[in-house]
Each structure stands twice: as C-alpha cells, then as structure tokens.
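Reader: I have a model open and would like to go through it with you. Can we start with one of the helices and work outwards?

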Amino acid sequence: MDKPDKREKLKELYLDIRDCQRCGLCKSRTKFVFGSGSAYAEVMFVGEAPGKNEDLQGLPFVGQAGKLLDELLGSIGFDRSEVFIANVLKCRPPGNRDPRIEEINVCKDHLMGQIKVIDPKIICTLGKFSTQLLLNTDKGITGLRGKVFRIDNHIIMPINHPAAALYMPSKMEILKQDFQKIKKLLDSASEVSDSEQDISSLEPEDNQDKDEQLGLF
Ligand code: SF4
C-alpha cells in the first residue's frame, strides 16, 4: 500500500468505526478513541483501553502515562507523531475496570484493521491485554516482556505498560531499557536476535501476574 493510500484507508476505517455500537461501552463513552499518529508509522504501540482523560479528549495516552510514553519515545529519537498509538478497546470501560473478554472479542477487529493498514515493522504491546491478544496466549506480561516475536511480517515486542512504571518504580528502568531495544530492533528489523522466539513456542499457562494487571490507566 503506497503512502497516500495508507492515510486514506486509515481515515476510511475511522469513519467506518467511530460510531461503533458493538458492545455496551458505546453507552458510557464520552468519546471514541481511535488512536493517533502516523499512518506510515514503522512502530505501533498498543495499550489497553482509554482512561478518563482519553475518554474526554478522544485521544490515546494523554494522562501521566502518556507523558511518560512521550519521554520514552523522545529517548530513542521519536516524536509521537511518528509512531501510531492505539488501544485494544476504543471506548473507556467504566471506572477504568479491566476490559472484558467479550468486549475484546468484538473490538479486536478494529485494531486488526488498523494494523493491516499501517503495516508497522514493530508492534509494541503495552501490558497484559494487548500482549495476550496479539500473541494469542494466556501467558502473563512478566514472562513475555522484552522478548521478541515474529508473526507474519510483524515483529511483536511486549513491554510493560507505562502506567505500571509510574506506580511501580522498579519497572521504570526496565521500561527504559526496553525502549532502547525497540530502537535497536528498528535499526536492524530484519536481523533476528538470539532472544527472538517464535509464537509457536508459547504454551498457555495460568496467569501468574494477576496482581500486575495494568488496568491503571
Ligand atoms: S469498545 Fe470497541 S466494540 Fe465496544 S463500542 Fe467501543 S469501539 Fe465498539
């Protein structure tokens, strides 16, 4: 897909889904949060769901976690306008509760449509929900973060949600290191590091990190 097409296709997708009523969250949302950034982004970040500020503004990652994400992007030479930032759910769950499986199941087509249009080289999943969705696994984020997976023509790298680093300072340094890894991956996207694993090696397991669910946003 050439450049003008990507922008137009993404706009078409937005217009198609902005009034979505596939799940009950359409009733409580203030604004639908499509995502933001470049249709030509090489790196895409996928979080969990809009929070209060996102719901009010219709933009992803505009609170404290968004500020941290901007700083982390800056540390590897990116402005947020150069990447694409989206969530698994496009509407805010009331009280910032965790997304429900039935909501994810009906909303995921929107995210998949965005990935198909943007076709990024690297998709960074932020936290448990986007990681489990895009890797099709039951594994928790703790065992997956920082690892690199190749699915179709995308490199997928799970990292902690920035909100988790805000609430758990021990995760901040890890997050900073993971962003440096994103930069290296992008610089050599076709090279496979020793740590790279194929999704076929993933086996479902009980979630060990329930306490670390990242519904903090
Ligand atoms: S959360 Fe997703 S599926 Fe539910 S109403 Fe919003 S856009 Fe539609």
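Author: Let us start with H4. Helices H8 and H9 are among what covers the buried residues of H4. Keep in mind that this is a predicted model.

Reader: Which residues of H4 are buried?

Author: Ala65, Gly66, Leu69, Leu72 and Leu73 are the buried ones in H4. Viewed down the helix axis, they fall within an arc of 120°, so they line one face of H4.

Reader: And what sits on the face of H4 turned away from that?

Author: The exposed residues Glu71, Gly74 and Ser75.

Reader: Why is Gly74 called exposed?

Author: Gly74 has 12 other C-beta atoms within 10 Å, so it counts as exposed, the cut-off being 12 or fewer.

Reader: How does the span of H4 agree with 1.5 Å a residue?

Author: It agrees: twelve residues should span 16 Å, and the end C-alpha atoms of H4 are 17 Å apart. Just after the helix, Gly77 takes a positive phi of about 80°.

Reader: Now H9. How many residues does it have, and how far does it reach?

Author: H9 runs over residues 170-187, which is 18 residues. From first C-alpha to last it reaches 28 Å, close to the expected 26 Å. The buried residues of H9 are Lys171, Leu175 and Ile182. They cover an arc of only 45° around the axis, which puts them on the same side of H9.

Reader: Why would residues a few places apart point the same way?

Author: An α-helix has 3.6 residues a turn, so residues three or four places apart point the same way.

Reader: What covers the buried residues of H9?

Author: The cover includes the strands E2 (43-47), E4 (122-126) and E6 (154-159), along with the helices H4 (64-75) and H8 (162-167). On the face of H9 turned away from the buried side are the exposed residues Glu173, Gln177, Gln180, Lys184 and Asp187.

Reader: Take E6, then. What does His154 touch?

Author: His154, which is found in strand E6, touches Pro120 and Ile123, leaving aside residues up to four places away in sequence. His154 has 16 C-beta neighbours inside 10 Å, so it counts as partly exposed.

Reader: Where is the pLDDT below 50?

Author: The chain averages a pLDDT of 88, and 85% of the residues score at least 70. The pLDDT is below 50 over residues 192-196, a stretch with five contacts beyond near neighbours in sequence. It is also below 50 over residues 203-217, where the model has 36 such contacts.

Reader: What should one do with the coordinates where pLDDT is low?

Author: Where pLDDT is low, the predicted coordinates should not be read in detail.

Reader: Last thing, the whole chain. How many helices and strands?

Author: The protein chain has nine helices and seven strands. Buried residues make up 38% of its 217 residues. Of the contacts with a separation of 6 or more, 78% are between residues 24 or more positions apart.

Key: Residues are numbered from 1 along each chain as its sequence is written. This is a predicted model: local features need pLDDT of at least 70, side-chain atom pairs count only at pLDDT 80 or more; totals for chains, interfaces and linings use all residues. Helices (H or I, at least four residues) and strands (E, at least two) are DSSP runs, numbered from the N terminus. The expected span of a helix is 1.5 Å times one less than its number of residues. A residue is buried if 20 or more other C-beta atoms lie within 10 Å of its own, exposed if 12 or fewer, and partly exposed in between; C-beta atoms are placed from the backbone. The arc is that of the directions from the helix axis to the C-beta atoms. Two residues are in contact if their C-beta atoms, placed from the backbone, lie within 7 Å. pLDDT is the predictor's confidence in each residue, from 0 to 100.
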